[in-house]
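Thanks for making time this morning. I would like to walk through one model with you, so please have the sequence and the coordinates open as we go.

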Amino acid sequence: MNRQPLVALSFFLAAGLSACAGNGISEAPVSYMNPQGNRVEALAMTSPRANAAAIRLRDGRVLICGGTATGEVGGVLSSAELYDPVARSFTPAGAMTVARAGQTITMLRDGRVLLTGGVQNAGFRSQLASAEIYDPAAGTFSATGSMATPREGHTATMLRDGRVLIVGGSGNGVSTLGSAEVYDPSSGTFSGAGHLNQPRVAHVAALLGSGKVLIAGGGRSGMPGGYISYDTAEMYDPATRSFTAMRARMTSDRVGAAAVKLNDGRVLIAGGKSGRVVTSRHPNLFSLTPLNTAEIFDPESSTFIRTGDMEAPHYLPTATTLDNGNVLVVGGWTIKGPVVAGMRDAAVYQPETNLFAHVGPTNVARLTNTATLLNDGEVMIAGGIDGNSLVGASVEFYSPTQHRFLMLPEPANSRQAAPIQQ
């Protein structure tokens, strides 16, 4: 098979990854050296996947679905699989009702999983308005009501009453949406939820302790002069079904950042790209520069506060809150000559110091991978685009106790595998 790297991204969104490339662009199997000095093949998913969706189910298994296997036209997947942490194995889990990449994934109160939007192919006007439900008890996917508008690069946030707020995104890969919708699990339908003060794509969203939803950053295409990124934020109030612009501004404009709620109710927003900073050190796309900065939104003061910087810029990273309250930030976008590739950098944010500690690197470079907290406190990092710009199936695990990334299989009593170099 002719394995050529991805040579260009065909669209630029927070959750979007599509590419133009030659034939076959799947990562070769990853191997590592075990403690006995033997090179063994690492644990991997049943299919290469980038820009997939993953979530931990109530029984501890992890559902991983969709994504792209190639980044080419026709490469978007409908297949799904389950990771069993007890058996340490992946098994096929049927297929979604349609192929999707860049879809949102949300756990409903009854344990079922909602998937919304995304793209069904690489290219213009491939965005989806459809949604579907995965039922872990039956092990099946079924269609539910559709959104009023096709969306990718949108956010999905569970509200206190169990409904799911869908905000912004792009309906055709070019223009940006200002509309919002709410999904009601009891009726299986979407209804209008007001309009943003600014159309946004590649923004972040987080449910606050008050029940309101913070919407921050992102950007807008189709503007004179090209793409612009925002340092603005707004608040959605479910009681009034309306968005209110906030007076406070973010410490930086950010598109394609990652955000998680901390244990104390504040929100960490990390990385992304900014339109304000253009340097020769970091290659940029559309004059946007990857950021190594992060900030905290404090609901009590309604202000944004800058944190310490990360060691490396992280654009399109994953962020996962650990059991100890720290936050793991993994991977993102880098450019190697003419190609876009993943990065091996990772960092851990420590709320008590407001600083990041460098960890890793990951065994495999990753962009648009998934990151899922397991019941044992480790984080499973799966798939994505590797350092050679190839779609991968490999997985690895971040251990908070050992402060490093591990590959499986490994002897149960000796996890000393040497990380591979890439």
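This is a predicted model: local features need pLDDT of at least 70, side-chain atom pairs count only at pLDDT 80 or more; totals for chains, interfaces and linings use all residues.

**Buried charges, a covered strand and an open sheet**

Arginine 151 is buried, at a relative accessible area of 0%, where buried means under 20% relative accessible area, exposed means over 50%, and partly exposed is in between, with a 1.4 Å probe and protein chains only. Residues are numbered from 1 along each chain as its sequence is written, and side-chain values use heavy atoms, with hydrogens and water left out.

Back to that arginine. Which residue forms a salt bridge with arginine 151? The partner is glutamate 181, and the closest N and O atoms are 2.9 Å apart; a salt bridge here is a side-chain nitrogen of Lys or Arg within 4 Å of a carboxyl oxygen of Asp or Glu. Arginine 151 sits in the loop between β12 (140-144) and β13 (155-158), whereas glutamate 181 belongs to strand β15 (residues 179-184), so the pair ties together parts that are 30 residues apart in sequence.

The structure holds twelve salt bridges, and another of them joins the side chains of glutamate 81 and arginine 49, at 2.8 Å from N to O. That pair links distant parts of the chain, 32 residues apart, with glutamate 81 in strand β7 (residues 79-84) and arginine 49 in the loop between β4 (39-41) and β5 (53-56). Both glutamate 81 and arginine 49 are buried.

Arginine 306 and aspartate 309 also meet in a salt bridge, 2.9 Å from N to O, but here arginine 306 is partly exposed at 45% relative accessible area, and aspartate 309 is partly exposed at 37%.

Let me turn to strand β37. Nine of the nine residues of β37 (residues 391-399) are buried, so the strand is largely enclosed by the rest of the structure. In a regular strand, side chains alternate between the two faces of the sheet. Both faces of β37 are covered, with Val391, Ala393, Val395, Phe397 and Ser399 buried on one side and Gly392, Ser394, Glu396 and Tyr398 buried on the other.

Which strands run alongside β37? Strand β36 (residues 379-385) runs antiparallel to β37 and is joined to it by six bridges, where pairing requires that DSSP finds at least two bridges between two strands; alanine 382 has valine 395 in β37 as its bridge partner. The hairpin of β36 and β37 has five residues between the strands, and serine 389 there takes a positive phi near 70°. Three bridges join β37 to the antiparallel strand β38 (residues 404-406), with serine 399 opposite arginine 404.

Finally, an open sheet of four strands has the order β17-β18-β21-β22, with antiparallel pairing. β17 (204-207) and β22 (242-245) stand at the edges, each with a single partner strand, so one side of each is left without a neighbour in the sheet. Four bridges join β21 (residues 233-237) to β22, and aspartate 237 stands opposite serine 242 in β22.

Notes. Helices (H or I, at least four residues) and strands (E, at least two) are DSSP runs, numbered from the N terminus.
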